[in-house]
Amino acid sequence: QVQLVESGGGLVQPGGSLRLSCEHSGSISSFYTMGWYRQAQGNQRELVATIVISGGSTNYADSVKGRFTISTDNTKNTVYLQMNSLKPEDTAGYYCYAGRLVRGIYSGYWGQGTQVTVSS
């Protein structure tokens, strides 16, 4: 059973920071990749950042490069998204994602989401 629980969202002023957390009920080392996606009202869900669990290579959307950082803490089975220099256009629901390959079948899992609102 895969359970991903996000936390850390909220209301922040432009230029501020937030750190999102996504905790897995089991070991995150069972996943190939984890990441964060976001969906603003009326828009499609888009990739924000991903990380390969084994090796740590990362990938970011151009719109967040240099401002957001994805990281993991395997001891806490948690993936983080540190968001700095937030802009109003970062306002969205943020969703944690995890993917893994088991017996040749790739499966993806989603958390329930956490809302981030950037506004003065």
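Ring pairs link Tyr37, Tyr97 and Trp110 into a cluster. Here, rings of Phe, Tyr and Trp (its six-membered ring) pair if their centres lie within 6.5 Å; planes under 30 degrees apart count as stacked, over 60 as edge-to-face and the rest as tilted. This is a predicted model, and local features need pLDDT of at least 70, side-chain atom pairs count only at pLDDT 80 or more, while totals for chains, interfaces and linings use all residues. Residues are numbered from 1 along each chain as its sequence is written, and side-chain values use heavy atoms, with hydrogens and water left out.

**The aromatic part**

By the ring rule, the count comes to four aromatic pairs. Take tyrosine 37 and tyrosine 97: their ring centres are 5.8 Å apart and the planes sit at 65 degrees, so this pair is edge-to-face. Tyrosine 37 belongs to strand E4 and tyrosine 97 to strand E9, so the pair ties together parts that are 60 residues apart in sequence. (Strands, E, are DSSP runs of at least two residues, numbered from the N terminus.)

Are these two tyrosines buried or exposed? Tyrosine 37 is buried, with a relative accessible area of 19%, and tyrosine 97 also counts as buried, at 13%. Buried means under 20% relative accessible area, exposed over 50%, and partly exposed in between (1.4 Å probe, protein chains only).

**Strand E4 and its two partners**

Now look at E4 itself, residues 33-39. Six of its seven residues are buried. Strands of a sheet pair through backbone hydrogen bonds, either parallel or antiparallel. Two strands count as paired if DSSP finds at least two bridges between them.

E4 runs antiparallel to strand E5 (residues 46-52), joined by six bridges, and antiparallel to strand E9 (residues 92-102), joined by seven bridges. On the E5 side, tryptophan 36 has alanine 49 as its bridge partner. On the E9 side, glutamine 39 stands opposite glycine 93. E4 and E5 form a hairpin with six residues between them, and glycine 42 in the turn has a positive phi of about 85 degrees.

Threonine 50 lies in E5. It is buried, with a relative accessible area of 14%. Leaving aside neighbours within four places in sequence, its contacts include Met34, Tyr37 and Ile70; contact means heavy atoms within 4.5 Å.

**The four-stranded sheet**

There is also an open sheet of four strands, in the order E1-E3-E8-E7, with antiparallel pairing. Its edge strands are E1 (4-7) and E7 (68-73), each pairing on one side only. The twist averages 15 degrees from one strand to the next, using axes that are lines fitted to C-alpha atoms, with angles from 0 to 180 degrees between N-to-C directions.

| Strand pair | Bridges |
|---|---|
| E1 and E3 | four bridges |
| E3 and E8 | six bridges |

Within these pairs, serine 7 stands opposite serine 21 in E3, and arginine 19 stands opposite glutamine 82 in E8. In a regular strand the side chains alternate between the two faces of the sheet. E1 has a covered face, Leu4 and Glu6, and an uncovered one, Val5 and Ser7.

Over in E7 you'll find threonine 69. It is partly exposed, with a relative accessible area of 41%. Its C-alpha atom is separated by 5.0 Å from that of glutamine 82, 13 residues apart along the chain. Not counting residues up to four places away in sequence, threonine 69 touches Tyr60, Tyr80, Leu81 and Gln82.

**The core**

In soluble globular proteins, nonpolar side chains tend to be buried together. A nonpolar core is a set of buried Ala, Val, Leu, Ile, Met, Phe, Trp, Tyr and Cys residues joined through side-chain atoms within 4.5 Å.

Which residues have the most contacts inside the largest core? They are Met34, Trp36, Leu81, Met83 and Tyr94, in a core of 29 residues. E3, E4, E5, E7, E8, E9 and strand E11 (114-118) each supply at least two residues of this core, and the largest share, four residues, comes from E9. Leaving aside its neighbours within four places in sequence, tyrosine 94 is in contact with residues including Trp36, Leu81 and Met83.
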